[in-house]
Amino acid sequence: MKVVGFTIIKDAIKYDYPFLESIKSILPICDEFIVGVGKTSDDTLAQIRNIPDKKIKIIETVWDEKVRKGGHVLAVETNKVLAEIPKDSDWNFYIQADEVVHEKYLDVILQAMKKYQDNPKIDALLFKYLHFYGSYEYVGNSSKWYSHEIRAFKNDPSVFSFRDAQGFRKGKNKLMRAREVDAWVYHYGWVKHPKEMQKKQEHFNKYWHDDEWMKENVVKADEYDYKNIDSLRLFEGTHPAVMKERLQKKNWAFDYDFARNKKTRKEMLKQILKNYFGIDTSYKNYIKVKV
């Protein structure tokens with residue numbers, strides 16, 4: 001069984017992405033790893049080249065900065081890398097530059113790939129998510145955060161990156177049939193120094209919105225205000241080993257008062273439906289199967 005990992009990256013150092021940790025977290029179960037590196041003004045490309053692993057293949061690309069609707073440029077770039085996946089791959093493992101997989105889940109993922117490799121009813125594996133916010137001690141716990149996403153799927157040339165590269169579809173826009181695995185993706189996109197987070201907000205939203213929207217909705221400031229969040233809880237587990245050095249370098253403070261947690265009636269109704277009746281009203285870009 002052959003597993004090929006892949007990702008896209010641009011300006012990762014400038015905007016403080018844990019991109020090296022992201023790649024290294026799944027390298028142990030990948031036979032190859034393809035990185036699409038967009039033309040950048042920092043040393044992202046050089047650092048990727050310095051990873052001492054022959055599994056890694058780099059594709060240099062140029063992002064179309066004129067594509068500023070719905071994050072579509074991210075899907076365009078992801079599809080460029082998808083096109084380079086070798087035909088003999090059995091499973092493709094996608095990971096974004098701010099996502100990390102804990103080493104304790106690698107064997108679980110690998111065993112699931114082996115188990116469902118020849119099952120025609122399953123196209124992909126569905127991962128659970130932890131979204132860290134403000135610091136490495138807190139995670140979001142409201143329905144605004146997506147709870148699951150496809151991150152591994154069987155090698156099918158018809159698969160394509162959907163919308164803003166959050167998920168995938170196949171053929172003529174068909175949902176993929178995904179089997180949930182007992183593994184979590186740790187999303188660190190909302191954990192960085194407030195100054196770095198502010199820079200990211202002022203830049204990254206350009207891939208979704210025009211200048212007018214940016215002017216009206218993105219506040220100009222020296223630092224990002226992490227207090228504007230609806231609900232958080234404490235993280236009680238351990239972080240992936242590859243994140244050790246990054247955690248040690250943390251040089252800002254964010255303390256959250258849980259008395260600030262607030263949930264709208266709509267939010268409470270969603271949780272009641274899910275917790276007591278098993279009805280999940282969240283958006284799903286997949287068909288969850290139990291085979």
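Student: Hey, what does Glu202 count as at 21% relative accessibility?

Tutor: Glu202 counts as partly exposed; buried means under 20% relative accessible area, exposed over 50%, and partly exposed in between (1.4 Å probe, protein chains only). This is a predicted model, where local features need pLDDT of at least 70 and side-chain atom pairs count only at pLDDT 80 or more, while totals for chains, interfaces and linings use all residues. Numbering runs from 1 along each chain as its sequence is written, and side-chain values use heavy atoms, leaving out hydrogens and water.

Student: Which side chain does Glu202 meet in a salt bridge?

Tutor: That of Lys220, at 3.8 Å, N to O. A salt bridge here is a side-chain nitrogen of Lys or Arg within 4 Å of a carboxyl oxygen of Asp or Glu. Lys220 is exposed, at 68%.

Student: Where do Glu202 and Lys220 lie?

Tutor: Glu202 is in helix α5 (residues 194-204) and Lys220 in the loop between α6 (211-217) and β13 (232-234), so the pair ties together parts 18 residues apart in sequence. Helices (H or I, at least four residues) and strands (E, at least two) are DSSP runs, numbered from the N terminus.

Student: How many salt bridges does the whole structure have?

Tutor: A search finds 18. Among them, Glu99 and Arg151 pair at 3.0 Å, N to O. Glu99 sits in strand β5 (residues 99-101) and Arg151 in strand β8 (residues 148-154), 52 residues apart.
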